[in-house]
Amino acid sequence: PLKGFFVRLYGGLNEASKENAEDTQNLAIFTGYKNEKFSIGAEYNAIYNASNKEDADQSGYSIYASAHLSKVVDLYARYDDLYSKDNGNISKDESAAIVGAQIKLGKYVKIAPNVRMTVPKADGSDNVYSAYINCYFGF
C-alpha cells in the first residue's frame, strides 16, 4: 500500500535425522520502510526445538535504522535481543547494539567505523564494548 514499505515472511521445517529427536521449526517476520533519506526495519525470529531438543525454543528481535546524510556518509544503528524459553540457553542469551557510519572514499572504497555493545543475560557476565573499522573494496 505504501511505496518503499515491505514485509517478508519465512517459515521452515528441518526434520530430525535421529530417532527420538524433535523436528526443528523456524519462523521469521520482517517489515521495513526505505526511501532516499532513511530506512527503518524490525524483524522477529523464532526457532522451535533448537538442536532437535524438545521445548528448546529460542527467539529474538532486531530493530534497524539508517540515515543518508550526504553522497558519501550514511549513519546506521541496530539493536538485537536474543532469549531462550525458560532461560534454557541463558549462556547465549544477550542483547546487543551497534552504531556507526559508512563513509564512501571513492567509487570502490568504503569504510565503516562503528562501536558495539553486548549485554549477556547470564548472571555475573560482564558487558562487552568493542570498536571496529570495517573496510570494503569492490568493483
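Me: What makes the protein's radius of gyration stand out against that of a compact globule of 139 residues?

Reply: This is a predicted model, and the radius of gyration in it comes to 19 Å, whereas a compact globule of 139 residues would sit near 14 Å. The globule rule is 2.2 Å times the number of residues to the power 0.38. As for the box around the C-alpha atoms, along the principal axes it is roughly 55 × 45 × 30 Å.

Me: What share of the residues is buried?

Reply: 19% of the 139 residues, where buried means under 20% relative accessible area. The accessible surface is about 9,900 Å², and carbon and sulfur atoms own 56% of that.

Me: Why is Asp 93 said to have no salt bridge?

Reply: A salt bridge needs a side-chain nitrogen of Lys or Arg within 4 Å of a carboxyl oxygen. For Asp 93, the nearest side chain of opposite charge is Lys 121, 6.1 Å away, so there is no salt bridge by that cut-off.

Me: Where does Asp 93 sit, and what is it in contact with beyond its neighbours within four places in sequence?

Reply: Asp 93 is in the loop between strand E5 (73-84) and strand E6 (94-106). Its contacts beyond those neighbours are Leu 82, Tyr 83, Ser 84, Asn 87, Pro 120 and Lys 121, contact meaning heavy atoms within 4.5 Å.

Definitions and conventions. Residues numbered from 1 in each chain as written. Predicted model: local features only at pLDDT ≥ 70, side-chain atom pairs only at ≥ 80, totals over all residues. Heavy atoms only, no water. Buried < 20%, exposed > 50% of the residue type's maximum accessible area, 1.4 Å probe, protein only. Areas by Shrake-Rupley, 256 points an atom, 1.4 Å probe, with all protein chains shown as cover. Helix = DSSP H or I, 4+ residues; strand = E, 2+ residues; numbered from the N terminus. Lys, Arg positive; Asp, Glu negative; His and termini not counted.
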